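Biologist: Let us go through this model term by term. I will ask what each label rests on.

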Amino acid sequence: MDSNLAQEILSATLLAGTPLIIAALGLLINERAGVLNLGAEGMMSLGAVYGFIAAFSFSSPVHGLLAGLVVGGITAVGFAFLTITLQANQVASGLALAIFGVGLAGFAGKPYESRSLPAVADWHIPFLADLPWVGVVLFQQQPMVYLSWVLFGLVWWFLYRSRSGLLLRAVGEDPGAAHAIGRSVYGVRYLAVIFGGALCGLGGACLSIFYAPMWVEGLIAGRGWIALALVVFATWRPFRVLLGAYLFGGVLIAQLFLQGSGIKVTVPAQLLSALPYLATIVVLVLISRDPRLIRQHSPASLGRPFRADE
Amino acid sequence: MGQLTDKVALGYGFAAIIVAFLGRLHPVGVLLASLLMALLFLGGEQVQQHMNLPKSISMVFQGLLLFYLLGADLLVNYRLKWNG
């Protein structure tokens, strides 16, 4: 294989993994606070469609990203109200949000289905982009790739190096104890859920503005569910989320190249399209095969509603 | 339908979850709830035919139905008290 093709595949891999990283980082914070939001697919769909509409109407990708962020956040407020204030079942509420979001996205995006956005130019990072080989893959990317790295750094720093991150983890592990020392469990959880929703919306918007760049019904294609699975199998740690997302992107791009190239493949195309999902799950399951590992790392109060007794 | 397409069971799995919750996790309730859900699906098809709206509008209604159901559970499980 010549080196140009390898560069192309690797650089496309980073691009394909990026929406997943953004969404999964949001869900990670969300779940670290003890709230399980299965509505990721719906929030990503809504972010994608409203992000696209905004980017199209204002002809500015930045407006689109902001719209995705805001729409995801607003949807998450509804979810937070149901599960935190009204103490509804988190799993069922999340599924309702997934169905609702995908449906509303299909409805709202219908008039925009045949439109497409101009492709956004790559950003060349000065000096680094001139590095031989690596520069082309890592530092001549779409802006959203850099955005995902910045977000990764922020989430990592917040979780492990800041007081508020410690409080967030405490709320996820034992909301009763956090409440007893006078911290607002509801407040922390609301913020975490809104952050998670906003990043899911942003991830969706990245998908429709930078990656596609267009909107069709079913654009998200299960990426919300994959992001949720990533967080679990990454045992709630940011670095593994990054690895898992790039793995998904890699297999996605590899099978696209395989289908596009002239190589005779005897496997049906549908099976190849299913491959990225399958490969991600299989590899992540193998990595975290030890059930003790999952149990030790999962936030202890994940999925349980908390009620502050007066 | 008498034909097989890759979208033959579109959304039925998720709808089944709503049916289970709507039936209050009771076998007889599920029977009744599934009838209500069938109405939503049929309504979605009608809306598509007569008003040119996309079929996904029926998913919006399914989602809202489950939202309201779960939210209203609060009134079943707790008594509201206003502290003035």
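Modeller: Start with handedness. A crossing is left-handed if the near helix is turned anticlockwise from the far one by less than a right angle, and right-handed if clockwise. H2(B) passes H3(B) in a right-handed crossing. This is a predicted model, where local features need pLDDT of at least 70, side-chain atom pairs count only at pLDDT 80 or more, and totals for chains, interfaces and linings use all residues. Residues are numbered from 1 along each chain as its sequence is written, while chains are lettered from A and ligands numbered from 1 in the order in which they are written.

Biologist: Why are H2(B) and H3(B) called roughly antiparallel?

Modeller: Angles run from 0 to 180 degrees between N-to-C directions, with axes fitted to C-alpha atoms, for helices over the stretch in contact. Under 35 degrees counts as roughly parallel, over 145 as roughly antiparallel, 65 to 115 as roughly perpendicular, and the rest as oblique. H2 (residues 27–51) and H3 (residues 57–77) of chain B pack at about 150°, their axes 8 Å apart. The pair is therefore roughly antiparallel.

Biologist: What counts as a helix here?

Modeller: A DSSP run of H or I, at least four residues; strands are runs of E, at least two, and both are numbered from the N terminus. Chain A has 13 helices and two strands.

Biologist: Which residues of H2(B) and H3(B) meet?

Modeller: Contact needs C-beta atoms, placed from the backbone, within 7 Å. Leu40(B), Phe41(B), Gly43(B), Gly44(B) and Val47(B) of H2(B) meet Ile57(B), Ser58(B), Phe61(B) and Gln62(B) of H3(B). By class, that contact has five nonpolar, four polar and no charged residues. Nonpolar means Ala, Val, Leu, Ile, Met, Phe, Trp, Tyr, Cys and Pro; charged means Asp, Glu, Lys and Arg; the others, Gly among them, are polar.

Biologist: What makes Val60(B) count as buried?

Modeller: Buried takes 20 or more other C-beta atoms within 10 Å; exposed is 12 or fewer, partly exposed in between. Val60(B) has 21 such neighbours, so Val60(B) is buried. Val60(B) lies in helix H3 of chain B. Beyond neighbours within four places in sequence, Val60(B) is in contact with Phe100(A), Gly103(A), Leu104(A) and Phe107(A).

Biologist: How many residues does each chain bring to the A–B contact?

Modeller: 19 residues of chain A touch 17 of chain B. On the chain A side, helix H4 (residues 90–109) gives the most, with 12 residues.

Key:
Two residues are in contact if their C-beta atoms, placed from the backbone, lie within 7 Å.
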